[in-house]
Amino acid sequence: MTLQLDQQPTTASAPGDVQVHRVGGRIGARIEGVRLSGDLDDATVQQVRAAILRHKVVFLRGQHHLDDEGHIAFAERLGTLTTAHPTVNTGSERIYTLSANKGMAANSWHTDVTFVDRVPAFSVLRGVTIPPYGGTTVWANTVDAYERLPQSLKALVENLWAVHTNDHDYADRDLTEHHDDAVAVARRAEFRRTRYETAHPVVRVHPETGERALLLGHFVKQLVGHNQLESSILFNLLQNRVTRLENTVRWTWAEGDVAIWDNRATQHYAVADFGEEPREVRRITVAGDVPVSVDGRRSEVLVGDASGFADIDALIS
């Protein structure tokens with residue numbers, strides 16, 4: 001089913017004192033009047049979901065009551081959950097803990113886990129330990145990036161496909177800064193321990209809204225049918241459209257904050273500018289379907305089996 005979204009730039013107040021306030025012209029909203037839990041009534045859950053679909057990423061302050069159990073219970077209201085990560089052993093079945101006190105592996109633009117065929121639908125990220133400065137996160141609207149392309153470029157990209165993988169040189173960029181950091185080396189080895197490659201359409205059709213979005217980010221290895229030079233030129237041309245400042249929103253975290261984003265319509269970047277201060281956020285992921293191109297073709301698995309990460313059959317049943 002295609003959902004028609006109201007694109008008017010208004011601040012919304014809904015029954016039950018749920019308020020949605022835009023924080024960016026093209027992406028991002030702050031939700032007030034909601035205490036996240038698994039016990040939220042259906043109407044409130046639908047209001048939150050609608051806000052995510054419309055604004056691509058939403059932020060809720062003051063959710064200090066959430067522990068891991070409550071975090072999971074709320075995320076389940078948005079859909080079937082994935083395991084914590086396809087390759088990284090997090091010590092938890094559902095919770096992916098990202099801890100750092102010197103840089104971050106996620107400090108480049110990406111959409112979560114696009115190296116598998118079943119790209120997640122939503123991510124629910126909770127601030128646990130926040131540094132006194134820095135450590136912000138930036139999101140970009142990949143739907144708006146596509147919509148603002150000139151028609152001639154749309155005609156080109158709608159026929160492009162890209163190979164995404166977790167075994168790619170982008171992943172070594174943090175090691176160039178910390179080449180002697182044994183922890184960073186071990187993390188990278190774990191991230192690559194099971195190799196995945198998937199061919200995705202560069203333009204995917206959103207399964208809930210019907211919008212078209214650019215599916216790119218740092219897991220892209222190469223554009224199908226193009227050599228490395230051509231791939232690099234085309235990738236950078238499109239990726240730069242995604243990450244234009246006007247197309248982004250930047251969030252300054254406080255402990256107890258929760259960010260929820262539509263992973264099918266965004267990229268994000270965790271900024272590693274907090275020195276050696278501790279930073280910890282915890283993420284729970286809601287399963288998504290296999291992307292579909294403008295002409296109806298589904299993404300193709302080239303290497304790896306991600307069925308243990310997300311049960312997409314549960315989304316259909």
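Predicted model: local features only at pLDDT ≥ 70, side-chain atom pairs only at ≥ 80, totals over all residues.

Reader: Good to know. Let's start with α1: what length should this helix span?

Author: Helix α1 covers residues 42–55, and at 1.5 Å a residue its 14 residues should span 20 Å. The end C-alpha atoms are 20 Å apart, which agrees.

Reader: And what sits at the two ends of α1? Which residue's side-chain oxygen is at the start, and which residue follows the helix?

Author: At the start, a side-chain oxygen of Asp41 comes within 3.2 Å of the backbone nitrogen of Ala43. After the helix comes Lys56, which has a positive phi, near 75°.

Reader: Which residues of α1 are buried?

Author: They are Thr44, Val45, Val48, Arg49, Ala51, Ile52, Leu53, Arg54 and His55.

Reader: What do those buried residues pack against?

Author: They pack against the strands β2 (18–22), β3 (29–32), β4 (57–60), β6 (122–129) and β14 (258–262), and against helix α2 (68–76). As background, an α-helix has 3.6 residues a turn, so residues three or four places apart point the same way.

Reader: Are Asp262 and Arg264 buried or exposed?

Author: Both Asp262 and Arg264 are buried.

Reader: How many salt bridges are there in the whole model?

Author: The count comes to 22 salt bridges. Side chains of opposite charge can pair when their charged atoms come close.

Reader: Let's look at β16, then. What does Arg282 pair with?

Author: Arg282 meets the side chain of Asp68 in a salt bridge, at 2.9 Å from N to O. That pair links distant parts of the chain: Arg282 is in strand β16 (residues 279–286) and Asp68 is in helix α2, 214 residues apart. Asp68 is partly exposed, with a relative accessible area of 27%.

Reader: What about Arg283? Which residue is its salt-bridge partner?

Author: Arg283 forms a salt bridge with Asp112, and their closest N and O atoms are 3.4 Å apart. This pair also links distant parts of the chain, with Arg283 in strand β16 and Asp112 in the loop between β5 (96–100) and β6, 171 residues apart. Arg283 is buried, with a relative accessible area of 6%, and Asp112 is buried too, at 3%.

Reader: Change of topic: where is Asp257?

Author: Asp257 is in the loop between β13 (248–251) and β14. Its relative accessible area is 1%, which means that Asp257 is buried.

Reader: What polar partners does the Asp257 side chain have?

Author: Among them is the side chain of Arg61, in a polar contact of 2.4 Å. A polar atom of the Asp257 side chain also lies 2.9 Å from the backbone nitrogen of Ala254.

Reader: You mentioned β13. What is the strand order in its sheet?

Author: The order is β13-β7-β15, an open sheet of 3 strands with antiparallel pairing. The edge strands are β13 and β15, and each pairs on one side only. Neighbouring strands are turned by 20° against each other on average, direction ignored.

Reader: How many bridges join β7 to β15?

Author: Strand β7 (residues 137–141) is joined to β15 by 5 bridges. One example is Trp139, whose bridge partner in β15 is His268. In strand β15 (residues 266–270), 4 of the 5 residues are buried, so this strand is largely enclosed by the rest of the structure.

Reader: Last one: what is the order in the sheet of 4 strands?

Author: This open sheet runs β12-β8-β9-β17, with antiparallel pairing. β12 (220–223) and β17 (300–303) are at the edges with a single partner strand each, so one side of each has no neighbour in the sheet. Strand β9 (residues 197–201) pairs with β17 over 3 bridges, and Ala199 has Glu300 as its bridge partner in β17.

Definitions and conventions: Residues numbered from 1 in each chain as written. Heavy atoms only, no water. Pairing = 2+ DSSP bridges. Expected span 1.5 Å × (residues − 1). Buried < 20%, exposed > 50% of the residue type's maximum accessible area, 1.4 Å probe, protein only. Contact = heavy atoms within 4.5 Å. Polar contact = N/O pair within 3.5 Å; in protein donor to acceptor, adjacent residues only side chain to side chain. Salt bridge = Lys/Arg side-chain N within 4 Å of Asp/Glu carboxyl O. Axes fitted to C-alpha atoms, helices over the stretch in contact; angles between N-to-C directions.
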